[in-house]
Amino acid sequence: MRAARFHEYGGAESLVIEQAPDPHPGPGEIRVRVAAAGINPIDWKLRAGALRQLIPVELPAIPGRDGAGVVDEIGDGVQGVSIGDRVFGLGGITGATAELFVLSAWAHTPATWNDEQAAGAGLVSVTAMGGLNALGSLAGRTLLVEGAAGGVGSAAVEIAVAQGATVIGTASARNHAFLTSLGAVPTTYGPGLAQRLTTLAPHGVDIVLDTAASGSLDDLVAIAGDPKHVATVADHAGGQHLGTHVVNAENDSTLLSAAAELGGQGRYTPRIEQAYPLERITDAHAHAERGRTRGKIVICI
């Protein structure tokens with residue numbers, strides 16, 4: 001199969017397109033012929049070697065943790081999915097930016113999503129839903145999402161709105177119209193946030209989801225009034241120190257299916273800033289590494 005791989009840690013230019021061995025699903029897994037794959041911060045951090053002490057990878061490695069495509073091989077013990085089904089989901093920490101990818105968690109792709117949207121949904125939806133679930137029921141509550149224009153943040157906004165929350169989202173001014181389109185009340189992040197919120201939420205903010213790791217967690221806890229009213233999916237060290245909920249992304253088919261159900265209802269649509277062909281994966285990684293992505297960047301295989 002054709003795949004993007006890196007043979008040593010380094011910059012985006014270390015990625016090459018070449019032939020790689022075909023993977024095969026083990027028990028409880030499926031393989032898809034990939035239509036598109038997502039790019040997440042962990043992909044370029046792994047490639048750059050920034051996580052080599054925490055998450056060593058065997059080189060050469062294929063970047064990518066989530067993708068979408070058509071099922072073409074099914075492992076032992078798998079039920080509820082057939083060859084030819086459109087699915088999206090998550091595999092190992094690497095492997096997605098290739099013609100074939102093994103998934104350990106998946107859901108059927110709703111007809112309302114194209115392949116690029118499905119590819120952008122996997123990791124951000126389980127991360128957002130995990131963080132939101134840690135905060136309890138959302139209906140009738142005011143939720144602040146820090147970093148609301150990014151991949152996880154934008155997913156969290158739409159999913160929370162669908163569950164009945166009033167959502168305030170922080171983002172740079174250039175993304176305020178985008179947040180409004182998602183159903184959030186936008187505001188800028190940084191100094192003075194608490195004062196701005198007194199106008200936007202005169203009865204206070206009930207719960208907070210941090211997706212940004214921008215160093216604001218102390219302020220977010222103060223705004224919420226209790227560390228247990230705050231969840232972070234980004235600042236794990238800060239969250240553990242302050243006693244907030246700390247949420248890691250998990251390969252959870254139940255969460256993926258819940259996201260797909262909202263997608264089928266038209267209440268959650270993964271937002272794609274740009275789709276690149278596989279041959280331009282170097283450009284795609286460089287784009288992602290610059291930060292400030294609105295929604296997701298994906299690779300079309």
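**Pockets, a cavity and an aromatic cluster**

The lining of the second largest pocket is made up of 11 nonpolar, 5 polar and 3 charged residues (Ala, Val, Leu, Ile, Met, Phe, Trp, Tyr, Cys and Pro count as nonpolar, Asp, Glu, Lys and Arg as charged, and the others, Gly among them, as polar). The model is predicted, so local features need pLDDT of at least 70 and side-chain atom pairs count only at pLDDT 80 or more, whereas totals for chains, interfaces and linings use all residues. Residues are numbered from 1 along each chain as its sequence is written, and side-chain values use heavy atoms, with hydrogens and water left out.

The volume of this second largest pocket is about 340 Å³. Of the 19 residues that line the second largest pocket, P23, I62, T94, G95 and F101 are the closest to its centre. Strand β6 gives the most to this lining, with 3 residues. Here a pocket is an open set of points on a 1 Å grid over the protein atoms alone, with protein on both sides within 12 Å along at least five of seven lines; a cavity is a set of points where a 1.4 Å probe fits but cannot get out, and lining residues have an atom within 4 Å of a point. Grid points are joined across faces, edges and corners, and a volume is the space filled by probe spheres set on the points. Helices (H or I, at least four residues) and strands (E, at least two) are DSSP runs, numbered from the N terminus.

A96 belongs to the loop between β5 (86-90) and β6 (100-103). With 0% relative accessibility, A96 counts as buried (buried means under 20% relative accessible area, exposed over 50%, and partly exposed in between, with a 1.4 Å probe and protein chains only). Leaving aside neighbours within four places in sequence, A96 is in contact with V34, A37, I62, P63, G64, R65, D66 and F101, where contact means heavy atoms within 4.5 Å. A96 and G38 are 58 residues apart in sequence, yet their C-alpha atoms are 7.8 Å apart in space.

The largest cavity has a volume of about 50 Å³, and its lining consists of G120, V124, G151, S154, A155, E158, Y268, T269, P270, R271, G295 and K296. Helix α4 (residues 151-162) gives the most to this lining, with 4 residues. By class, the lining of the largest cavity divides into 4 nonpolar, 5 polar and 3 charged residues.

Y268, one of the residues that line the largest cavity, also takes part in an aromatic cluster with F88 and W113. Rings of Phe, Tyr and Trp (its six-membered ring) pair if their centres lie within 6.5 Å; planes under 30 degrees apart count as stacked, over 60 as edge-to-face and the rest as tilted. By this rule the count comes to 3 aromatic pairs. The rings of F88 and W113 have their centres 5.3 Å apart and their planes at 65°, so the pair is edge-to-face. Since F88 lies in strand β5 and W113 in the loop between β7 (105-108) and α2 (115-119), this pair ties together parts that are 25 residues apart in sequence. The rings of W113 and Y268, with centres 5.6 Å apart and planes at 90°, also form an edge-to-face pair. That pair links distant parts of the chain, 155 residues apart, with W113 in the loop between β7 and α2 and Y268 in the loop between α9 (253-264) and β14 (272-277). F88 is buried, W113 counts as buried at 2% relative accessibility, and Y268 counts as buried at 1%.

In helix α1 (residues 41-48), the buried residues are I42, D43, W44, L46 and R47. Their cover includes β1 (2-6), β2 (15-19), β3 (30-39) and α10 (281-289). K45 lies over the face of W44, at 5.7 Å from the ring centre (a charge sits over a ring if NZ of Lys or CZ of Arg is within 6 Å of the ring centre and within 35 degrees of the ring normal). Just after α1, G49 takes a positive phi of about 85°.

Some backbone details complete the description. A cis peptide bond, with omega about -5°, joins L59 and P60, and P60 is found in the loop between α1 and β4 (66-74). A213 has a positive phi near 50° and is partly exposed, with a relative accessible area of 41%. For R292 the positive phi is near 60°, and at 60% relative accessibility R292 counts as exposed.
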